[in-house]
There are 2 protein chains.
Amino acid sequence: MQISCKYSRVLSTLASKAQTAKELGEDRIRSIIIKHLGRDPREILGYGDDAVAFRLDGGKVLVAHTDVLVGSTDILPGMNPFYVGWKAVVMNVSDIVSKGAKPLSLLFSWGIPRDLQGRNISKIAEGMSAAARKYGAYVTGGDTGEAKDLVLAGMALGIAKEGSLMRRSGARPGDILAVTGEFGLTSMGYKILLDGLDAPKMLRKAALDAIYTPKARLREGLVAAKTRLVSASMDCSDGLALSIHCLSEMSKVGFSISKIPIAAEASRFASMHRLDPVELALYEGGEEYELIFCVRRNYWRQVHSAIRAVGGRLYAIGEAIEERKVYHQSYDGSIKRIEPRGWRHFDKWAAPIPS
Amino acid sequence: MQISCKYSRVLSTLASKAQTAKELGEDRIRSIIIKHLGRDPREILGYGDDAVAFRLDGGKVLVAHTDVLVGSTDILPGMNPFYVGWKAVVMNVSDIVSKGAKPLSLLFSWGIPRDLQGRNISKIAEGMSAAARKYGAYVTGGDTGEAKDLVLAGMALGIAKEGSLMRRSGARPGDILAVTGEFGLTSMGYKILLDGLDAPKMLRKAALDAIYTPKARLREGLVAAKTRLVSASMDCSDGLALSIHCLSEMSKVGFSISKIPIAAEASRFASMHRLDPVELALYEGGEEYELIFCVRRNYWRQVHSAIRAVGGRLYAIGEAIEERKVYHQSYDGSIKRIEPRGWRHFDKWAAPIPS
């Protein structure tokens with residue numbers, strides 16, 4: 001079941017019937033929905049994973065994911081329509097890639113406000129197409145309807161080999177936790193765009209590039225799946241802290257995090273504004289489409305080399321532990337809990353997520 | 001390419017850049033989008049069909065479709081949230097069934113207004129689940145986001161056998177054109193709900209049932225595909241006149257229509273209000289999820305019997321002709337052109353569709 005892994009946690013706190021979406025918040029809304037859906041015995045990833053998967057003939061698996069981009073909440077200042085279309089594709093591709101699936105096709109249902117300009121519709125489609133082609137696919141299908149908000153509901157379809165499918169749930173204590181890139185650029189971008197913080201031109205550019213034209217880690221996902229040595233995998237689009245907690249919940253392990261790779265620009269920005277770069281990386285970002293993998297310690301070299309061989313990077317950031325808590329160990333040796341927080345839809349108006 | 005078949009017709013009338021969505025209308029919006037997407041050589045149905053399809057191993061085909069339901073334009077008065085969820089599933093299932101695909105799974109991206117009640121979210125999910133189960137599938141995946149409008153963007157996945165896939169494009173002159181049910185009930189419902197026309201209780205019930213809990217023609221679609229004797233197929237959800245024109249454009253034939261099956265309740269309602277029942281059936285309805293098939297004359301009996309054998313009906317309504325026009329021949333022998341019109345998104349504000 002492709003939906004946040006937080007259902008189990010919130011099922012017991014189901015809202016009273018008189019509550020509105022903004023009072024419920026995204027996690028409780030999802031738990032309300034999922035309560036009715038039942039469990040398809042043919043679906044092989046199970047609740048809470050990035051995507052759904054079904055066995056096909058020939059040892060293959062169909063992987064599908066849907067992710068929605070909404071104009072009023074997901075479009076940042078200065079994001080031109082080309083980037084909107086681009087991002088709508090990347091957010092869908094990233095999730096199937098995190099399962100080890102090669103993109104087959106994308107479909108989009110559009111909700112279009114009546115005053116949206118034709119040239120902007122054109123630019124969105126252009127961005128979608130460019131991103132889809134980058135990941136070896138096309139946007140082959142779609143539907144359009146009038147709506148009060150711009151809505152781009154994407155569906156990514158991909159094909160994986162059954163034995164290579166990477167789940168969120170296979171990590172074991174002792175496994176190395178690793179990510180495919182550095183963090184902090186999107187947080188920095190949000191601080192610049194939403195909070196009005198200053199940044200020199202080069203830093204600003206790095207941050208805005210990360211936000212406007214994110215990249216899905218296609219090569220890394222596919223080669224990692226091919227090694228069959230990754231015990232758990234997901235993408236980090238909900239933010240690093242929430243993603244680690246998700247892996248923790250799905251794999252029934254905890255994590256001790258010791259070293260988070262921070263982009264040099266984000267470190268400089270943090271020191272300019274006296275911000276904690278680790279806080280930026282863990283909690284203030286999101287929409288960083290890095291993959292996060294767990295790898296058995298014995299196989300680390302092999303997975304690391306395979307990813308390097310396709311031009312990617314793999315940074316060990318910590319290890320899985322028995323105790324189901326998530327800690328961060330600083331350079332100075334102090335240990336702090338990492339909280340399950342980050343940005344979620346409706347949270348601006350919602351009560352805090354129960355944890 | 002799963003999108004209206006009207007692209008080719010309107011590509012030449014691309015809007016000037018200053019136009020808004022409401023000025024452009026749905027067909028021109030779609031042509032603007034499609035211009036950028038390119039043609040995926042792996043997709044086997046091609047532009048303008050109900051769904052997209054990709055070859056899998058073992059002679060099978062993956063069929064996928066996306067259709068979006070929008071609160072502000074697609075929800076009719078009196079339509080409770082259960083029906084909204086139900087309809088969102090049926091509109092997606094119907095398109096893949098019209099290609100001869102058996103539903104595998106459904107995914108939904110939700111755009112949720114912040115003041116939507118939790119109990120209504122719950123009812124929508126319940127309706128979705130009930131409809132999915134009716135057609136042998138589950139809703140296995142989804143995403144939620146905050147939006148100004150309620151948006152339910154569904155994705156239906158299905159599996160067909162390659163040799164059985166039914167396209168919009170295979171009709172030849174002389175083929176019999178047939179539909180799987182009677183028309184007129186949804187038109188009658190719109191007249192009651194939107195124009196305030198009166199109807200006795202039983203007629204009203206029949207009309208509202210047709211609108212609130214539509215059915216996809218699963219058995220008919222699957223058994224028709226199995227015969228491999230259907231030369232063209234689509235669903236009639238855009239209205240009967242537009243659907244016939246679509247088959248005409250995709251198959252490069254015309255049609256002569258002689259006998260449209262009208263539901264008894266719709267005939268009574270039409271005579272009560274001095275309306276033309278054929279006009280109701282052709283132009284005023286839509287969201288009738290009957291399938292429309294073309295069948296070679298020699299195979300008519302076989303296809304007809306196969307559909308009867310699963311409890312369905314098949315009504316011959318006319319035949320395909322060389323001349324690429326669509327005519328209706330009345331009981332009195334008079335012949336009239338059937339126009340390519342019906343209800344489309346944005347049309348309330350848009351210029352007429354070029355034809």
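Modeller: Copies are superposed by least squares on the C-alpha atoms of residues with pLDDT of at least 70 in both. This is a predicted model, in which local features need pLDDT of at least 70, side-chain atom pairs count only at pLDDT 80 or more, and totals for chains, interfaces and linings use all residues. Residues are numbered from 1 along each chain as its sequence is written, while chains are lettered from A and ligands numbered from 1 in the order in which they are written.

Colleague: What rotation superposes chain B on chain A?

Modeller: The superposition has an RMSD of 0.0 Å and a shift of 0.0 Å along the axis. The two copies are thus related as by a two-fold rotation axis. The rotation is 180 degrees.

Colleague: How many residues does chain B bring to the contact with chain A?

Modeller: Residues are in contact if their C-beta atoms, placed from the backbone, lie within 7 Å. Of the interface residues of chain B, 100% are also interface residues in chain A, so the copies meet through the same surface. Chain A supplies 74 residues, and chain B likewise 74.

Colleague: Which element gives the most to the side of chain B that touches chain A?

Modeller: Elements are DSSP runs numbered from the N terminus: helices (H or I, at least four residues) and strands (E, at least two). Those supplying at least two residues each include strand S3 (102-112), helix H5 (118-134) and strand S5 (151-161) of chain B. With 10 residues, the element giving the most is H2(B).

Colleague: Which residue is the bridge partner of B:Leu106?

Modeller: S3(B) and S5(B) pair in the antiparallel sense over nine bridges. The partner of B:Leu106 lies in S5(B) and is B:Ala156.

Colleague: Which helix gives the most to the side of domain 1 of chain A that touches domain 2 of chain A?

Modeller: The domain assignment, whose bounds come from an automatic or database source, gives domain 1 (39-164) and domain 2 (176-337) in chain A. Their C-alpha centres lie 23 Å apart, and 22 residues of domain 1 are in contact with 22 residues of domain 2. With nine residues on the domain 1 side, the helix is H4 (residues 81-97) of chain A.

Definitions and conventions: Two residues are in contact if their C-beta atoms, placed from the backbone, lie within 7 Å. Two strands pair if DSSP finds at least two bridges between them.
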